[in-house]
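Here is a short briefing on aromatic contacts and a pocket. Look at the structure first, then read on.

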Amino acid sequence: MPGIKEIGQIALTVSDLGAATAFYRDVMGLQLLFEASGMAFFQCGDVRILLGTADLSEGEHPPTILYYRVEDIEKACATMRERGATVERDPALAHRADDHELWLAFLRDTDGHMLALMSEVPTS
């Protein structure tokens, strides 16, 4: 099995990052974890919410990405590739924190929806 444990993160594309950050922080009351590279990260229970912007054509629907938490991202990605998933980006280091590294891989489902695998690997 790929080893999916739970949804770890949901990415929402927004048109105005400042306004969206204020809304999720001040109106929704979510805890702002950090901001980096044009993105804002919030905690919502056990799930992180990532807000980010993207250049969209008029009428284009902004994408939402579900991030599935796995223990072994290399193995999970390889298993899904063997089972027919289209891998858009192989596992790669995305962020270093004080106590862990965040690794991400991106795949597409049968309808072309983007999905991601995420693994937080302890550094100590």
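Tyr24 and Phe42 are both buried (under 20% relative accessible area; exposed is over 50%, partly exposed in between; 1.4 Å probe, protein chains only). The model is predicted: local features need pLDDT of at least 70, side-chain atom pairs count only at pLDDT 80 or more, and totals for chains, interfaces and linings use all residues. Residues are numbered from 1 along each chain as its sequence is written, and side-chain values use heavy atoms, without hydrogens and water.

**Aromatic pairs**

- Rings of Phe, Tyr and Trp (its six-membered ring) pair if their centres lie within 6.5 Å; planes under 30 degrees apart are stacked, over 60 edge-to-face, and the rest tilted.
- That rule gives 4 aromatic pairs.
- The ring centres of Tyr24 and Phe42 are 6.1 Å apart with planes at 40°, so this pair is tilted.
- Phe34 and Phe41 have ring centres 4.4 Å apart and planes at 20°, so they are stacked.
- Phe34 is partly exposed at 29% relative accessible area, while Phe41 is buried at 8%.
- One aromatic cluster is formed by Phe23, Tyr24 and Phe42.

**Largest pocket**

- A pocket is an open set of points on a 1 Å grid over the protein atoms alone, where a 1.4 Å probe fits, with protein on both sides within 12 Å along at least five of seven lines; lining residues have an atom within 4 Å of a point.
- The largest pocket is lined by 15 residues, and Met39, Phe41, Ala94, Leu102 and Leu104 lie nearest its centre.
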